[in-house]
Amino acid sequence: MAFVAGGGASLPQAGRVRALRCRAAVGPEDVSSRACVSAPRRHTTRLQMAAEVEDGATEVASSKAKEENNSQLYEGPGPGMRELTPAELAEQKKVLVALSEEWKAERMDREFEQSRLFGLTRRAEILNGRVAMFFLATGLLTEYWTGENIPEQVETLFRTLGLI
């Protein structure tokens, strides 16, 4: 297994070790001399370099073997799973179809309510309740400050507007 630098020349023994380190760090697609500049350099003996090269080659071979084992397909259910009988599948399908229909009906109702602009809609009722509470609080505060109860306040309003 030979690693090649960007120019195409074979790397020396220390360069191969550095390339293996860089390959593990940046991936096999970008093993160039520029990618390996940041790899730490240390003083090693030839025996240590040879051991590191062998370890790197062993790691690459073991990772390829793991990939091959992972790529095999299971015949039947995966680990921790069991096969379902046709009756169980039919029951699950029936339950899921019913749940789907229920969710569809809820979504349709919600979309219909949101599309309505007038009438007894949820938004109109909320606004009506808020306005009623505001004017009730205003009437009670006015009664506290002026001494007129709410029907007298309405009468005063109509007299001021000239309706009575």
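Tutor: In this predicted model, a residue is called buried when its relative accessible area is under 20% and exposed when it is over 50%, with partly exposed in between.

Student: Is Thr121 buried or exposed?
Tutor: Thr121 sits in the loop between helix H3, residues 86-115, and H4. Its relative accessibility is 3%, and because the cut-off for a buried residue is under 20%, Thr121 counts as buried.

Student: Which backbone nitrogen lies 3.2 Å from a polar atom of the side chain of Thr121?
Tutor: Leaving aside its neighbours within four places in sequence, Thr121 is in contact with Glu113 and Arg116. The polar atom of the Thr121 side chain, however, lies 3.2 Å from a backbone nitrogen, and that nitrogen belongs to Ala124.

Student: What pattern does the chain follow when it is read along the sequence?
Tutor: The chain has 5 helices and 0 strands. Read along the sequence, these elements give the pattern α-α-α-α-α.

Student: What percentage of the 164 residues in the chain is buried?
Tutor: The chain exposes about 14,000 Å², and carbon and sulfur atoms supply 59% of that area. As for the residues themselves, of the 164 in the chain the buried ones make up 12%.

Student: How far apart in space are Leu136 and Ile150, C-alpha to C-alpha?
Tutor: Leu136 is found in helix H4, residues 122-146, and is partly exposed, with a relative accessible area of 41%. Leu136 and Ile150 both belong to the nonpolar patch. They are 14 residues apart in sequence, while their C-alpha to C-alpha separation in space is 8.9 Å.

Student: Is Ile164 buried or exposed?
Tutor: Ile164 lies in the segment after H5 and is one of the residues that make the nonpolar patch. Its relative accessibility is 60%, and because the cut-off for an exposed residue is over 50%, Ile164 counts as exposed.

Student: Is the pair formed by the rings of Phe134 and Phe135 stacked or edge-to-face?
Tutor: A search of the whole structure finds 1 aromatic pair. The ring centres of Phe134 and Phe135 are 5.0 Å apart and their planes stand at 75°. Because planes over 60 degrees apart meet the cut-off, the pair is edge-to-face.

Conventions: Residues are numbered from 1 along each chain as its sequence is written. This is a predicted model: local features need pLDDT of at least 70, side-chain atom pairs count only at pLDDT 80 or more; totals for chains, interfaces and linings use all residues. Side-chain values use heavy atoms; hydrogens and water are left out. Helices (H or I, at least four residues) and strands (E, at least two) are DSSP runs, numbered from the N terminus. Buried means under 20% relative accessible area, exposed over 50%, partly exposed in between (1.4 Å probe, protein chains only). A polar contact is a pair of N or O atoms within 3.5 Å; within protein, one must be able to donate a hydrogen and the other to accept it, and residues adjacent in sequence count only if both atoms are side-chain atoms. Contact means heavy atoms within 4.5 Å. Accessible areas come from the Shrake-Rupley method with a 1.4 Å probe; for residues, only the protein chains shown count as cover. Rings of Phe, Tyr and Trp (its six-membered ring) pair if their centres lie within 6.5 Å; planes under 30 degrees apart count as stacked, over 60 as edge-to-face and the rest as tilted. Patches are made of residues with over 30% relative accessible area and no salt bridge: like charges are joined within 9 Å, nonpolar side chains (Val, Leu, Ile, Met, Phe, Trp, Tyr) within 5 Å. A salt bridge is a side-chain nitrogen of Lys or Arg within 4 Å of a carboxyl oxygen of Asp or Glu.
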